[in-house]
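Here are some exercises to work through with the structure open beside you. Try each task yourself before you read its solution.

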Amino acid sequence: MKKTKLIALTMIVALMLTGAGYAAWTDYTQVDASIATGILDVDVTQALITRKPEYANAEISNSDKEIEVNISNLYPTKHNEDIDRLSDKSYVGVSFTVTNNGSIPVKLDNVEFTKANPTSPAWDHLKMRGAFFGENKPEITLQPGQIYTEKAKFWINEDAPNDIQNENIGFTLRLNWKQANM
Amino acid sequence: MPDSIKYLPEKNSYTRSILVVILLAVIYILENLPNTFYIDDVVFTYIIKPLLWTGVVAFIWFMPHVRPKARLRHRKVIYLWGFIFGLMYILINIAAGFFEGIGKSPYSHSPAGIITNIILVGSSLAGREFARSYLVNSTTKKENYFVFIIIALFMCITSFSVNKYRDLKDFESTVQFIAEYFSPEFSQNLFASYLTYLGGPGASIIYLGIVEGFHWLSPVLPNLKWINTALIGILSPIFFLMIFNSVYSDISQKKKKENEGTAGWIITSIVSIAVIWFAVGVFPIYPSVIITGSMEPQIKPGDVILVEKITDMEHINKLKINDVIQFKRDGILISHRIVDIENNENEGLLFKTKGDNNSGPDTDLVKPQDIKGIMKKIVPKIGWVTLLIRSNNEISLREVLF
């Protein structure tokens, strides 16, 4: 029992010191991305290109947590702000579905949008429409087992120069979820 | 009833074991019924499930008890080892986090959230461990790894939602699921089965209680690549199993009676760790001793302020004029009141601060990244010991106490 107690004491002191180290360390680090666990687990279960112009290339793929989109050869198109309609079908439409595969209700924490080629001039002219691509984070709560589908549209603004169509636009979308407040 | 009949193997214990398995299966099915069912999800998850699990504990409690393998007098040492392995598990995870990075915990850490989670996880833990112990100890009296494995497999399978299994569409995601989630969970369940075999439900509740406690209450968790999660998750419990196997054979051979008040010991150590952690600032609220008189008369030297950590922009945006914030400047911590907030186009939010007792505001503006937290409460006078230690001049008791 004495040896056991000694081991226990060592563990306790180690844990106290670790706490001190942790407190000092987190002063300097920024922590953003939420973790997925077995109990809190929202998976991207489907990601599709729903429409694209014949001449354009669009690809979408997904892992459990991320959606990757690549678009190229898209021409500029006119968008009527008053009636929120595009003058022709020169846009790429995507749809993706997430499922709460965990056992507790969750809520969207933040959206990570990463450009694959941030220096490309196409980003100045790309327009995006969809809940996860706007300024404000949407308020979404998912119950265990609940499935949620979201659509988005991407098009090139009519002011864009002609050579924009040679640019490749790629990005990754990651949705981070947290436990919904009681 | 003649003694000989009392000790015959009872068919009833098989029936009861099957009943326990059915109970667990029913709860699993209820958890996984499609959403169209009329029970509100929040009510089901946070109220009905805990009640169901408490029911499982009650049901098993009122059945004839099954003894675990170890003698009663060894029980306390076993509990202590459960405690030690729990701490080891936390340390291993923290170390992994240091090496590979940490992520924000997705669980709710509001006071209501923490209490609800403790009820949710605590009831489920108690129910499952009582069930596990009953199944293990009524099925086998000898160290039978086949039994441990089957029971561990059952408990492991029922810890993931049916949707998760259904959504495994290809080989790659199946392999990742097995490596990242299933195998570590199975490994943990195997070790827990061994713990209950020797020490009953108490042993595994202590071990898993600490593991789950850390998982749900820590504001950050290690953010590892799935292969590393797999490695640590699978190896740690196996490692503990092997250690405990050899430890137990030492323990069971000792003849002396051990009566050391283990429960009190465990509680004391948890409390000491908590106190130290609170003092160094692990928790979201931490203490800070005020040394100068720049915030008099509200805050005097020797007072201790309780500061709530500010960790993201959401909190920064909520700061208002008259809040007292603690920030770092030139390596020291300063606690002053916000007198003005500027929204600079280039630099974002900037805060102008002033000590209540100072004649003018602080010369430099405070940037969000320098802010450590916002003051929540003042505890008068208890920091005077720190003052004495820190100061070169003598601060007389009278100055602090007047």
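The exercises below start with single elements and end with the contact between the chains.

This is a predicted model, in which local features need pLDDT of at least 70 and side-chain atom pairs count only at pLDDT 80 or more, while totals for chains, interfaces and linings use all residues. Residues are numbered from 1 along each chain as its sequence is written, and chains are lettered from A and ligands numbered from 1 in the order in which they are written.

**Exercise 1. Strands around S11(A)**

Task: Find which way strand S4 (residues 76-77) of chain A runs relative to strand S11 (residues 147-157) of chain A, parallel or antiparallel.

Solution: 
- Strands are DSSP runs of E with at least two residues, helices are runs of H or I with at least four, and both are numbered from the N terminus. Two strands pair if DSSP finds at least two bridges between them.
- S4(A) and S11(A) run parallel and are joined by two bridges. Here A:Pro76 has A:Ile156 as its bridge partner.
- Now look at strand S7 (residues 92-100) of chain A, which is antiparallel to S11(A) with eight bridges.

**Exercise 2. A hairpin in chain B**

Task: Work out how many residues lie between S6(B) and S7(B) in their hairpin.

Solution: 
- Strand S6 (residues 332-344) and strand S7 (residues 348-354) of chain B pair antiparallel through seven bridges.
- Three residues sit between the two strands of this hairpin.
- As a landmark, find B:Asp340, which faces B:Lys352 in S7(B).

**Exercise 3. A helix and its buried residues**

Task: Compare the span of helix H9 (residues 226-253) of chain B with the expected span.

Solution: 
- The expected span is 1.5 Å times one less than the number of residues.
- H9(B) has 28 residues and reaches 41 Å from first C-alpha to last, close to the expected 40 Å.
- A residue is buried if 20 or more other C-beta atoms, placed from the backbone, lie within 10 Å of its own, exposed if 12 or fewer do, and partly exposed in between.
- The buried residues of H9(B) include B:Gly233, B:Pro237, B:Phe240 and B:Phe244.
- An α-helix has 3.6 residues a turn, so residues three or four places apart point the same way.
- The buried residues of H9(B) pack against H4 and H8 of chain B.

**Exercise 4. One methionine**

Task: Explain why A:Met16 counts as buried.

Solution: 
- Locate A:Met16 in helix H1 (residues 2-26) of chain A.
- A:Met16 counts as buried because it has 20 C-beta neighbours inside 10 Å.
- Residues are in contact if their C-beta atoms, placed from the backbone, lie within 7 Å. Leaving aside neighbours within four places in sequence, A:Met16 is in contact with B:Ile273 and B:Ile276.

**Exercise 5. Where the chains meet**

Task: Find how many residues each chain gives to the contact.

Solution: 
- Chain B gives 49 residues and chain A gives 40 residues.
- On the side of chain B that touches chain A, H4(B) has the largest share, with ten residues.
- That side has 26 nonpolar residues (Ala, Val, Leu, Ile, Met, Phe, Trp, Tyr, Cys and Pro), eight charged ones (Asp, Glu, Lys and Arg) and 15 polar ones (the others, Gly among them).

Key
Contact = placed C-beta atoms within 7 Å.
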